Amino acid sequence: MTVRGVPVPIVTRLLTLEDAPALAGLLQRNQAFLAPWEPIRPANWCTPEGQRQALHDVLALHAQGLALPHAVLDHDGAVAGRITLTGIARGAFLSASLGYWVSQDRNGRGLATAAVGRMKSIAFGELGLHRIEAGTLEHNAASQRVLRRNGFVRFGFAPRYVRIAGRWQDHVLFQVLDEDEPVDVTDTAHPSLT
Ligand SMILES: CC(C)(COP(=O)(O)OP(=O)(O)OC[C@H]1O[C@@H](n2cnc3c(N)ncnc32)[C@H](O)[C@@H]1OP(=O)(O)O)[C@@H](O)C(=O)NCCC(=O)NCCS
């Protein structure tokens, strides 16, 4: 992948079952950090067995063309989080939903911004999609910034939309289309992308 002809490091890759222990370790360390932004998870979610089952399930959806689960990679190639396209719809919709998280100790380095950019290029490239949607809690300013930097625009507000942290919570809805003006996330020169 290149930006203005300059190679950009690979920032995501397809998850495999072998990533279960690394993901479980990250989720254990980030339990308190992620809890306000995520659904309540099964009791074994942060264990290698729980993650192996979750990966098995999402990779089955991937095999059917319904999901694209990627690891967010740190600069040394280590797994630093997860980003997933789900609900991939074809036909007249050609749309998917995007969700992601990055380990707290890796935050603020542009990893999520770069990962969203890569998923966008896969979605509009090899997957041939027309639209990506993402919803955030109203006060999730960091996630909204990540989306806006990737050209997502707010298009709606969904009251009591998803049960997050055990409560049905309002969400701000964002989308980006393959026909939107391209956005160069290096314009604001994040250190991790230059
Ligand atoms: C949201 C999240 C993915 C961001 O990951 P990240 O790797 O730190 O993101 P980036 O470094 O690419 O970009 C974060 C941007 O938000 C900005 N930001 C961070 N906290 C902010 C805040 N409280 N208010 C406004 N902007 C904020 C950063 O300055 C940065 O913008 P910049 O690059 O223009 O300076 C990460 O914090 C996370 O996993 N949060 C918990 C789970 C979550 O919210 N997932 C998304 C659900 S919709």
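**A strand, a core and a ligand**

Modeller: Strands here are DSSP runs of E with at least two residues, helices are runs of H or I with at least four, and both are numbered from the N terminus. Bear in mind that this is a predicted model, where local features need pLDDT of at least 70, side-chain atom pairs count only at pLDDT 80 or more, and totals for chains, interfaces and linings use all residues. Residues are numbered from 1 along each chain as its sequence is written.

Colleague: Is arginine 160 buried or exposed?

Modeller: Arginine 160 counts as exposed because it has 10 C-beta neighbours inside 10 Å. The cut-offs: buried means 20 or more other C-beta atoms within 10 Å of a residue's own, exposed means 12 or fewer, partly exposed is in between, and C-beta atoms are placed from the backbone. Its phi is near 45°, a positive value in a residue other than glycine.

Colleague: And how many of the twelve residues of β8 are buried?

Modeller: Zero, so β8 lies largely in the open.

Colleague: Which strand does β8 pair with?

Modeller: β8 pairs with strand β9 (residues 167–177), antiparallel, over eight bridges. Two strands pair if DSSP finds at least two bridges between them. Isoleucine 164 stands opposite arginine 167 in β9. The two strands form a hairpin with two residues between them, and alanine 165 in the turn has a positive phi of about 50°.

Colleague: New topic: which residues have the most contacts inside the largest nonpolar core?

Modeller: That core has 39 residues, and those with the most contacts inside it include Val72, Leu98, Tyr100 and Val116. A nonpolar core is a set of buried Ala, Val, Leu, Ile, Met, Phe, Trp, Tyr and Cys residues joined through C-beta atoms within 7 Å.

Colleague: What is valine 116 in contact with?

Modeller: Leaving aside neighbours within four places in sequence, valine 116 is in contact with Leu98, Tyr100, Val146, Leu147 and Asn150. In contact means C-beta atoms, placed from the backbone, within 7 Å.

Colleague: Last one: how many residues surround the ligand?

Modeller: 22, and among the closest are Asn107 and Ala112. A residue is near a molecule if its C-beta atom, placed from the backbone, lies within 6 Å of it. Elements giving two or more residues to that shell are β6 (95–102), α4 (111–124) and α5 (141–149).

Colleague: Which one gives the most?

Modeller: α5, with six residues.

How values were computed
Contact = placed C-beta atoms within 7 Å.
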